[in-house]
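Let's take a walk through this structure together. Keep the sequence and the 3D view open as you read.

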Amino acid sequence: MPSSRALLSAALVLLAASGAPARTQNLSAPVPALMGQPQQVPQLLPDSNIVNRAGTATEAEAGAIAEGPLADPLRPEGPSRTVFGSALFTRGAPTPSESANPNYRLGPGDRVSVRVWGPVESEVVGAIDPEGNLFLPSIGPLRLGGVRAGDLQRTVEGEVRRVYTQQVQVYAVLLSASQIGVYVTGFVKTPGRHMGSGSETVLDFLLRAGGVDPVRGSYRNIVVNRGGRAVVRIDLYPFLLRGQLPKLTLQDGDTIVVGKQGATISADGAVRNNFLFEVDGRAMSGSELVDLAGPLPSATNAVIRGTRSGQPWSRYVDVAQLRKQSLLDQDVVTFITDAPAPTVRVFVEGSRIGPSVLVADRDITLCQVLDHVAVDPALADTRSVYLLRKRIAAQQRRAINEALDRLERQLFTATSATTGVAEIRSQEAQLVSNYIQRGRRIQPEGRLVVMDNGGRCSPVRLEDGDTIVIPERSDTVLVAGEVIAPQAVLWQPKMTIDQYVEKAGGYTQRGDSGGVMIRRASGQIILDPREGPRPGDELIILPQLGAKSFQITRDLLQLIYQSALSVRIFQ
């Protein structure tokens with residue numbers, strides 16, 4: 001009947017997915033992930049299933065991908081939301097320091113300790129007077145105003161030895177710098193007057209003001225005003241990149257003004273510095289962005305997205321062309337890898353001698369690779385080598401789902417002549433629905449049969465990530481399906497199929513001597529075999545389909561469950 005044929009077809013498809021494929025392919029348990037998958041560029045490559053159609057890049061040919069640096073595997077995809085330089089102001093505000101930095105220049109009010117010993121002894125701990133002097137008994141005034149804190153010891157030694165030419169020991173240290181009040185305003189989080197030490201830098205006072213506002217403030221346009229005029233303009237990028245800051249000693253009453261944020265450009269994808277970079281002006285050259293973003297060695301191209309004349313605008317260029325581009329405010333530049341890899345990485349599993357990973361030219365074939373794989377002839381079944389390929393697994397997953405969809409449509413749209421038949425079909429549909437749910441959980445492994453009956457290799461071009469499996473030799477034949485006692489039977493020359501079945505207890509009531517299938521160790525399927533199995537083969541007895549009745553259908557569904565489970569166990 002049609003429904004029985006549909007059920008049998010679905011059963012064969014599921015058996016193929018679980019380990020009994022068509023004549024060229026075989027599927028079984030899923031293969032564990034061998035490597036992380038880089039993110040696809042959403043603007044260029046829409047997320048879709050891997051299908052075998054014209055124009056689709058193969059695994060070996062790769063495609064346009066945006067893969068971040070190795071040290072940042074959890075980096076979120078898409079444009080950056082972090083402004084370059086914002087990390088400067090993530091720590092708390094510093095307390096006024098008692099110790100000065102070496103570049104601080106001494107001024108009135110700074111406390112200094114000086115001690116002299118040897119032919120003459122003298123000591124003083126005091127503040128520098130308004131004239132910039134510190135009086136040292138037996139020596140006289142020392143001119144210390146404007147002296148760098150790092151040069152204090154040498155300066156005092158020079159002043160003392162102008163008076164005492166004999167060996168005199170000198171020790172001088174700055175105890176504390178005078179407190180000053182500096183106004184911080186503009187685009188900062190907490191504008192106002194902030195107290196600190198005269199030895200502290202602009203960064204310290206910006207921290208007291210909460211730092212530059214990353215949404216509105218500029219990291220490249222900070223001005224220090226003194227007495228109504230600008231003393232210095234500070235760009236923090238040279239400090240962030242090279243540690244360079246203008247030499248400036250802040251004074252009481254100075255004003256630090258943070259300007260408004262300029263244009264910002266985002267760099268993401270295959271770059272080390274995934275940030276929003278501020279433009280020192282209205283436009284940034286692509287060459288400057290490349291220097292700031294630090295593209296990875298794998299970056300070959302870039303996608304530029306932005307707005308021009310109020311309209312969306314985009315360009316796809318290589319890195320050399322990007323250097324000549326002019327980038328404007330809110331542009332997003334995604335660095336990607338868009339070049340086929342010259343090599344493929346292939347894994348070797350099973351009975352082998354030597355490495356389990358091989359790297360070869362992308363146009364190499366399976367037969368060429370097998371010439372470089374060492375095996376023990378007494379252990380390896382070289383006639384049953386097969387491939388596991390992720391792309392084929394995806395195609396087989398889709399084929400299984402389509403077959404289950406067809407089966408579901410046939411069952412739920414079938415018509416019934418009588419009420420009794422309708423009740424039977426309703427109960428059958430419920431069982432088949434449960435079976436379909438189980439079938440959708442089957443995970444194909446993507447097995448590709450590459451050896452013919454004579455054990456000759458097919459010249460299949462390898463793809464990146466392929467796994468070559470070399471089974472071990474076996475002296476048994478697994479007899480399964482509709483036999484009384486499924487088991488492994490010792491292989492013997494000239495032993496017939498019926499003799500193997502007899503060793504397994506004979507046929508069950510549903511067993512069909514005319515429905516026999518042999519699955520080779522390579523995954524090849526042979527229907528209606530004319531000769532007995534080889535060592536390592538599986539001999540599967542298929543069920544008979546009887547007349548139309550609920551009991552027969554229910555038993556058939558149970559058989560499908562058992563067959564699918566048994567195949568996975570056998571694998």
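Helices (H or I, at least four residues) and strands (E, at least two) are DSSP runs, numbered from the N terminus. This is a predicted model, where local features need pLDDT of at least 70 and side-chain atom pairs count only at pLDDT 80 or more, while totals for chains, interfaces and linings use all residues. Residues are numbered from 1 along each chain as its sequence is written, and side-chain values use heavy atoms, with hydrogens and water left out.

Let's start at E200, which sits in the loop between strand 10 (192-197) and helix 3 (202-208). Its relative accessibility is 6%, so E200 counts as buried (buried means under 20% relative accessible area, exposed over 50%, partly exposed in between, with a 1.4 Å probe and protein chains only). The E200 side chain also makes a polar contact with the side chain of R208, at 2.9 Å. A polar contact here is a pair of N or O atoms within 3.5 Å; within protein, one must be able to donate a hydrogen and the other to accept it, and residues adjacent in sequence count only if both atoms are side-chain atoms.

Next, the nonpolar cores. Such a core is a set of buried Ala, Val, Leu, Ile, Met, Phe, Trp, Tyr and Cys residues joined through side-chain atoms within 4.5 Å. The largest one has 47 residues, and L206, I256, F277, V333 and F335 have the most contacts inside it. Helix 3 gives the most to this core, with five residues. Why does the core lie between domain 1 and domain 3? Because domain 1 (86-95 + 179-260) and domain 3 (264-336) both give residues to it; the domain bounds come from an automatic or database domain assignment. A second, separate core has 22 residues, including V114, I139, V160 and A177.

Now for the one disulfide in the structure, a term that stands for a pair of cysteine sulfur atoms within 2.5 Å. C367 and C457 form it, with their sulfur atoms 2.4 Å apart. The link joins distant parts of the chain, 90 residues apart: C367 is in helix 7 (residues 366-370), and C457 is in the loop between strand 24 (447-449) and strand 25 (467-470). C367 counts as partly exposed because its relative accessibility is 22%, and C457 is partly exposed too, at 25%.

Last stop: strand 26 (residues 476-481). Four bridges join strand 26 to strand 27 (residues 487-490), and the two run antiparallel; strands pair if DSSP finds at least two bridges between them. A hairpin of five residues joins strand 26 to strand 27. Strand 26 also pairs with strand 30 (residues 538-543), in the parallel sense over four bridges.
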